[in-house]
Amino acid sequence: MVREALTSETLSALEPADAAALFIARRAEGLTASEQQLLADWLARDELHRRVFDNANHAWQSFEESEGDEILVAMRAHAKASRPRAFATWRPAVAAAAVLVLAVGAALFFIPALHPWAPQSPLPGSASGAPIQYASARGEVKELQLPDGSSMMLDADSAAVGRFGADRRTVELQRGRALFTVMPDRSRPFAVTAAGRSIVAVGTRFDVNLAADGLTVTLVEGHVEIGSVDTPSAPVTLEPGQQYVERLGKATVRTIGAASENAIAWRAGLINFEDQTLAEAAAVMNRYSDDQIVIRDPAVASLRVSGQFRAGDPQRFAATLSEMHKLRTVRRANQIELVQQE
Amino acid sequence: MAKPEAGEVYRSTLAEEAGPVRRWLTRYFRRRVRNDAEIEDMVQDVFARMVARDGPEPIQNLDGYILKTASSVLADRVRLGSSHGAGLHVAFDSELHGEEEIDPERVLVGKEELHAATAALLSLPERTRTVFILRRLEGQRYRDIAAQLRISVSAVEKHMVRAIHHLSVELEKRRGS
């Protein structure tokens with residue numbers, strides 16, 4: 001299935017009118033059983049949903065008696081004769097192939113001074129296209145269309161620069177995290193650069209995550225090559241279910257299997273922590289809310305946290321952590337400080 | 001559809017076979033231009049401009065938009081004719097000269113809902129409109145549309161969502177007013 005699975009989380013993130021339009025658009029190709037169920041639940045949930053759905057359905061139906069209409073006949077002829085825009089270089093056979101997914105994550109609290117990598121720069125001699133800046137605000141997850149037909153879901157408080165040249169497509173992740181749905185094109189590899197590393201999609205579905213103290217690449221399925229931006233060297237290749245972990249310049253590859261799916265849980269508003277420090281976890285939580293978790297006590301900051309949390313709910317995160325680690329919370333305006341119990 | 005005026009003869013086969021819009025345009029131009037070959041071109045030009053429209057300005061009603069397009073096609077031909085000093089024989093009858101005095105008949109009769117939907121469709125970006133038409137009126141699958149336009153299937157779906165959203169807002173506005 002090429003199209004993205006619809007979940008109640010993605011649905012509730014949409015404006016009702018957009019959700020209604022999406023249901024009508026998908027209905028044209030046939031709704032799956034789970035989409036039908038989602039639609040029924042969604043319609044029952046709110047009178048407004050029912051109203052906007054009726055409007056969208058009405059718009060669809062208004063072309064029912066269009067046969068023979070002169071203007072629409074001319075519009076149809078024009079549409080049938082439409083060709084790709086000049087910048088699109090996909091061959092049709094490739095365009096019809098399965099869409100690839102690539103995710104890259106970079107934590108906001110990544111401190112350049114602490115790691116040995118060179119400052120991020122575009123690949124030498126690579127992209128000739130004009131740079132396009134993408135950014136999202138705190139608490140805002142954006143789905144963006146890239147000029148090559150790929151799409152990028154930009155996580156909260158993130159920034160990236162895209163360059164789409166004739167022989168290479170590059171997205172430089174400057175801050176935060178993003179999930180890419182990459183259009184396959186053998187003549188123009190799709191590379192994501194972050195923290196001096198280049199992750200190249202080679203017809204595959206995989207997930208990459210750049211954490212506080214280094215880079216983590218998780219392959220969900222297919223094939224990726226990880227190389228250095230600056231120094232030419234033999235790239236590291238991953239098998240599905242494998243994870244490439246780089247900490248302070250030291251790289252290891254481990255097998256994690258199905259847990260690789262956790263790496264893209266943020267799309268559904270969920271965040272996974274795996275034996276990370278509380279300081280790291282708090283910094284991630286803080287990307288999704290104006291209520292900020294604050295930790296001043298180094299002993300608290302170095303506590304470890306594992307588990308799945310809901311993005312945008314720092315109160316619950318603080319409460320859970322307090323219970324787990326015998327802490328208490330001190331609330332000041334939009335700050336929630338975690339301190340040790342006396 | 002308004003009846004042709006007494007004595008008016010449709011010489012062009014195009015006008016004979018055409019629907020109300022082509023007939024109306026043919027008559028509109030015939031009153032202003034004395035060259036049948038040119039008239040046929042100008043009618044085609046009106047259609048070509050309409051289907052290629054790529055502007056975000058809303059179209060209040062389709063009648064007005066057809067009229068406006070016809071008058072700009074005419075204006076361009078007049079300019080072209082005068083700058084070359086030959087070719088067109090433009091005859092602006094004194095009582096027809098000026099925007100207020102153009103044909104009082106409506107171009108389109110009936111099918112109000114469809115015409116409102118067409119007007120809403122014409123105020124979409126050209127590419128979004130093309131995707132919607134290929135799916136809704138040509139019945140093409142998303143993957144075939146994606147292949148034709150060399151965009152991703154998810155980009156096709158986004159165009160569809162945008163089009164349906166726009167159409168439902170515009171048609172709802174119209175019903176409300």
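Because the model is predicted, local features are reported at pLDDT of at least 70 and side-chain atom pairs at pLDDT 80 or more, whereas totals for chains, interfaces and linings use all residues. Residues are numbered from 1 along each chain as its sequence is written, and chains are lettered from A and ligands numbered from 1 in the order in which they are written.

The interface between the two chains brings 44 residues of chain A into contact with 43 residues of chain B, two residues being in contact if their C-beta atoms, placed from the backbone, lie within 7 Å. On the chain A side, at least two residues each come from α2 (16–27), α4 (47–61), α5 (70–80) and α6 (92–95). Here and below, helices (H or I, at least four residues) and strands (E, at least two) are DSSP runs, numbered from the N terminus. The greatest contribution to this side of chain A is made by α5(A), with 9 residues. By class, the side of chain A that touches chain B comprises 24 nonpolar, 11 polar and 9 charged residues; Ala, Val, Leu, Ile, Met, Phe, Trp, Tyr, Cys and Pro count as nonpolar, Asp, Glu, Lys and Arg as charged, and the others, Gly among them, as polar.

Two packed helices are described by the angle between their axes and the distance between the axes. Axes are lines fitted to C-alpha atoms, for helices over the stretch in contact, and angles run from 0 to 180 degrees between N-to-C directions. The crossing of α2(A) and α8(B) is right-handed, a crossing being left-handed if the near helix is turned anticlockwise from the far one by less than a right angle, and right-handed if clockwise. From α2(A), the residues A17(A), D18(A), A21(A), L22(A), I24(A) and A25(A) meet E157(B), M160(B), V161(B), I164(B), H165(B) and S168(B) of α8(B). The residues of this contact comprise 8 nonpolar, 2 polar and 2 charged.

Also in helix α2 of chain A is A19(A), which counts as buried because it has 24 C-beta neighbours inside 10 Å. A residue is buried if 20 or more other C-beta atoms lie within 10 Å of its own, exposed if 12 or fewer, and partly exposed in between, with C-beta atoms placed from the backbone. Apart from neighbours within four places in sequence, A19(A) contacts L11(A), L14(A) and W42(A). The C-alpha atoms of A19(A) and L39(A) are 9.4 Å apart in space, with a separation of 20 residues in sequence.

Chain B contains 8 helices and 0 strands. Of its 177 residues, 41% are buried. Among contacts in chain B between residues at least 6 apart in sequence, 67% join residues at least 24 apart. Within this chain, α8(B) also packs with helix α6 (residues 126–136): their axes come within 9 Å and cross at roughly 95 degrees, and α6(B) and α8(B) are therefore roughly perpendicular to each other. The residues R127(B), T128(B), R129(B), V131(B), F132(B) and R135(B) of α6(B) meet V156(B), H159(B), M160(B), R162(B) and A163(B) of α8(B). This contact is made up of 5 nonpolar, 2 polar and 4 charged residues. M160(B) is listed both in the contact with α2(A) and in the contact with α6(B).

In chain A, 7 strands form an open sheet of mixed pairing, in the order β2-β5-β6-β8-β9-β12-β13; two strands pair if DSSP finds at least two bridges between them. The edge strands, each pairing on one side only, are β2 (132–135) and β13 (236–238). From one strand to the next, the twist averages 20 degrees. Strands β9 (residues 197–201) and β12 (residues 224–228) of chain A pair in the antiparallel sense over 5 bridges, and R197(A) stands opposite S228(A) in β12(A).

Positive phi values occur at two residues other than glycine, A333(A) and R150(B). Phi of A333(A) is near 50 degrees, and the residue is found in the loop between β19 (327–332) and β20 (335–340) of chain A. A333(A) counts as exposed because it has 7 C-beta neighbours inside 10 Å. For R150(B), phi is about 55 degrees; R150(B) lies in the loop between α7 (142–149) and α8 of chain B, and with 23 C-beta neighbours inside 10 Å it counts as buried.

Note on methods
Angles under 35 degrees count as roughly parallel, over 145 as roughly antiparallel, 65 to 115 as roughly perpendicular and the rest as oblique.
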